[in-house]
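Subject: Structure handover

Hi,

Here is the structure you asked about. Please open it alongside this email, and my notes follow below.

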Amino acid sequence: MNYFLIYLGGFFITLTFLKLFGVKMGIDYDQPHGDNYDDWDNNAQFFLFLSMVWIVTVPIITAVTIFKMLYEFTKWYIK
């Protein structure tokens, strides 16, 4: 039961975050775009998908962000 509540909480947190900041981050599948743009028809489909698989995407995004931050710090430190 606790795992379900954690998953449900993460689902709503992720969906809210994407609703507020998704387009600002460059995630925009709303019209207009070409026919071969992607499989998603609009932001609602993609945001729902990311919110459902947050248990996988959040650790990956966190790891990539940490790596990018360390890389930028290393570039700054070497100069």
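F17 and F21 sit 4 residues apart in helix α1, about one turn of the helix. Helices here are DSSP runs (H or I, at least four residues), numbered from the N terminus. This is a predicted model: local features need pLDDT of at least 70, side-chain atom pairs need pLDDT 80 or more, and totals for chains, interfaces and linings use all residues. Residues are numbered from 1 along each chain as its sequence is written, and side-chain values use heavy atoms, without hydrogens and water.

How are the rings of F17 and F21 set? Their centres are 5.2 Å apart and their planes meet at 50°, so the pair is tilted. Rings of Phe, Tyr and Trp (its six-membered ring) pair with centres within 6.5 Å; planes under 30 degrees apart are stacked, over 60 edge-to-face, the rest tilted. The whole structure has 5 aromatic pairs. F73, W76 and Y77 form one aromatic cluster.

Buried means under 20%, exposed over 50%, partly exposed in between (1.4 Å probe, protein chains only).

Now the core. The largest nonpolar core has 5 residues: L18, I27, F46, F47 and L50. α2 gives the most to this core, with 3 residues. Such a core is a set of buried Ala, Val, Leu, Ile, Met, Phe, Trp, Tyr and Cys residues joined through side-chain atoms within 4.5 Å.

Best wishes

Note on methods
Helices (H or I, at least four residues) and strands (E, at least two) are DSSP runs, numbered from the N terminus.
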